[in-house]
Amino acid sequence: MLRRLALADMDVAACVHRTAFDQAMPWLAGLHTPDEDRWFYRERVFPTCSVWGRFDGDELCGIIAFRDGWVEQLYVLPVAQGRGVGTELLDIAKGACDRLELWAFQRNAPARRFYEARGFKLVEETDGARNEELEPDARYLWTRPLLRN
């Protein structure tokens, strides 16, 4: 089941984020505490983004947060990866926006392959000096295909 998340879902959304982040990028694990993650979702993500979740029964297994043409967060629990959860969540954002941009770390090859397979094009790579992790990153862009008559 897909549904828009409410602030009451903040704790579990932050937990999905941290679990998926640490699994995908173990070299950055432990960057934030659970309290810091909850603060980030409460104060930054939920007030500024449309936040959706994918549930497997009662368990939240994936989240997407997007706003104004940007995917700010997209995380799927490791046990749910490869089952279309990320695609379903990304399709919600694609349905709401004519174009989307996002950042992915250059070393996160599985995420980069995921986005590229779903129509995102690489538009910029940086040395990471402007992100909190100081990790080289890549900016991607997706635009809705034009309808042909």
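Where is the place of Leu 134? In this predicted model, in which local features need pLDDT of at least 70, side-chain atom pairs count only at pLDDT 80 or more and totals for chains, interfaces and linings use all residues, Leu 134 lies in the loop between strand E6 (121-125) and strand E7 (137-143). Residues are numbered from 1 along each chain as its sequence is written, and side-chain values use heavy atoms, with hydrogens and water left out.

The protein chain comes to 4 helices and 7 strands, where helices (H or I, at least four residues) and strands (E, at least two) are DSSP runs numbered from the N terminus. Along the sequence these elements follow the pattern β-α-α-β-β-β-α-β-α-β-β. The radius of gyration, 15 Å, is close to the 15 Å that the globule rule gives for 149 residues, so the chain is as compact as a globular protein of that length; here the radius is taken over C-alpha atoms, and the rule is 2.2 Å times the number of residues to the power 0.38. The C-alpha trace spans about 50 × 35 × 30 Å along its principal axes. Buried residues make up 43% of the 149 residues, with buried meaning under 20% relative accessible area, exposed over 50%, and partly exposed in between (1.4 Å probe, protein chains only). Of the contacts (heavy atoms within 4.5 Å) with a separation of 6 or more, 59% come from residues 24 or more positions apart.

H1 has 15 residues and reaches 21 Å from its first C-alpha to its last, close to the 21 Å expected at 1.5 Å a residue; the expected span is 1.5 Å times one less than the number of residues. Its buried residues, including Met 10, His 17, Arg 18 and Phe 21, pack against H2, E3, E4 and strand E5 (99-105). The charged end of Arg 18 sits over the ring of Phe 21, 5.0 Å from its centre, a description that requires NZ of Lys or CZ of Arg within 6 Å of the ring centre and within 35 degrees of the ring normal.

Between H1 and H2, the loop holds Thr 33, which counts as partly exposed because its relative accessibility is 40%.

Ring pairs link Phe 40, Tyr 41 and Phe 46 into a cluster.

The structure holds 5 aromatic pairs. Among them, Phe 114 and Tyr 115 form an edge-to-face pair, because their ring centres are 5.3 Å apart and their planes at 75°. Rings of Phe, Tyr and Trp (its six-membered ring) pair if their centres lie within 6.5 Å, with planes under 30 degrees apart counted as stacked, over 60 as edge-to-face and the rest as tilted.

Most residues other than glycine have a negative phi. Leu 134, however, has a positive phi of about 60° and is exposed at 57% relative accessibility. Asp 68, in the loop between E3 and E4, has a positive phi near 40° and is exposed at 68%.
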